[in-house]
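Here are my notes on the model, point by point. Please keep the structure open as you read.

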Amino acid sequence: MNSEAPAFDTHPHYRTPCSLSHLTATLGKRRAREIRSHYPDGLTLADLSFEQAIDADNLTLLDGAWGPKSTPIALAADFGLRLADLVVSNGVARGFISEQEAQQQYVTIGRHPSEWRAICDADTLRMHHRNRVFVLSETPEAFGLTVLWEIGYSIGDLNLGTGPEAFEQRTTAAMAAEMSTAPFTPDQVAALHVWQQGETAVRCKAPECSLTDQPVLEASAAGLTCPRCGEVRSWAWRAMTGEDVDV
Ligand SMILES: [Zn+2]
């Protein structure tokens, strides 16, 4: 097995216990008692953030291409199951586990969605949370948020291995520092407009557009917008907005 799995749970909240009084004050006595039964070893502040996402039926998940996406719990659990299978599959490709072992672990690979749809719930998402399939981002403020989840792509000592390219790009703290987020200033819009006329213009990768000619996104203060499907990308690399990039 791979002994050099990267640690993705670098947010300090993973190492900060959540006191009973804080838990009760935040979620109420009854809910606090329910939640404690899921965490026999005690809760951290990361666990609290996670339970609040479940209560709100929304995990705000960072999409490497499009920025933060509001994701209902059932959809996040579904996505987590597919990610987890991809991690196992990569474990096979890299020789960490056998194909036979992998077959016993797969939930989605080789099976119809109707076979796992029923388990796309909070309990499954808790399992993903424990396995660090999704982790707290250290740079939510780059997107004007206080809580943001990223793909951790790790299960125990297995991980995606192929790295971020499987999901376009994982936006880490270092990458966030190289990003500009909307609203853009007039100067930034002007620079983006010039960039979008060049050969490396950012094109729409929404499912319905990526199958066709991938329209070039249009720059405005609100972000980069697809003229066809209207999807808005709220950030750009600083190189695109004409700002200095510290490397
Ligand atoms: Zn589009």
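Where is Pro 183 found?

1. Pro 183 is in the loop between strand 7 (179-181) and helix 8. Helices (H or I, at least four residues) and strands (E, at least two) are DSSP runs, numbered from the N terminus. This is a predicted model: local features need pLDDT of at least 70, side-chain atom pairs count only at pLDDT 80 or more, and totals for chains, interfaces and linings use all residues. Residues are numbered from 1 along each chain as its sequence is written.

2. Ala 182 and Pro 183 are joined by a cis peptide bond, with omega about 0°. Most peptide bonds are trans, and most residues other than glycine have a negative phi.

3. Ala 182 sits in the loop between strand 7 and helix 8. Ala 182 counts as buried because 20 C-beta neighbours lie inside 10 Å. The classes are: buried if 20 or more other C-beta atoms lie within 10 Å of a residue's own, exposed if 12 or fewer, partly exposed in between, with C-beta atoms placed from the backbone.

4. What does Ala 182 touch, leaving out residues up to four places away in sequence? The partners are Ala 221, Ala 222, Gly 223, Ser 234 and Trp 235. Contact means that the C-beta atoms, placed from the backbone, lie within 7 Å.

5. Strands pair if DSSP finds at least two bridges between them.

6. Strand 8 and strand 9 (residues 223-225) run antiparallel and are joined by three bridges. Glu 218 stands opposite Thr 225 in strand 9.

7. Two backbone angles deserve a look. Asp 57, not a glycine, has a positive phi of about 50°. Asp 57 lies in the loop between helix 3 (45-55) and strand 1 (59-63), and is partly exposed, with 14 other C-beta atoms within 10 Å.

8. Arg 132 also is not a glycine, and its positive phi is about 60°. Its loop runs between helix 6 (122-131) and strand 3 (134-136). Is Arg 132 buried or exposed? Arg 132 counts as buried, with 22 C-beta neighbours inside 10 Å.

Methods: Two residues are in contact if their C-beta atoms, placed from the backbone, lie within 7 Å.
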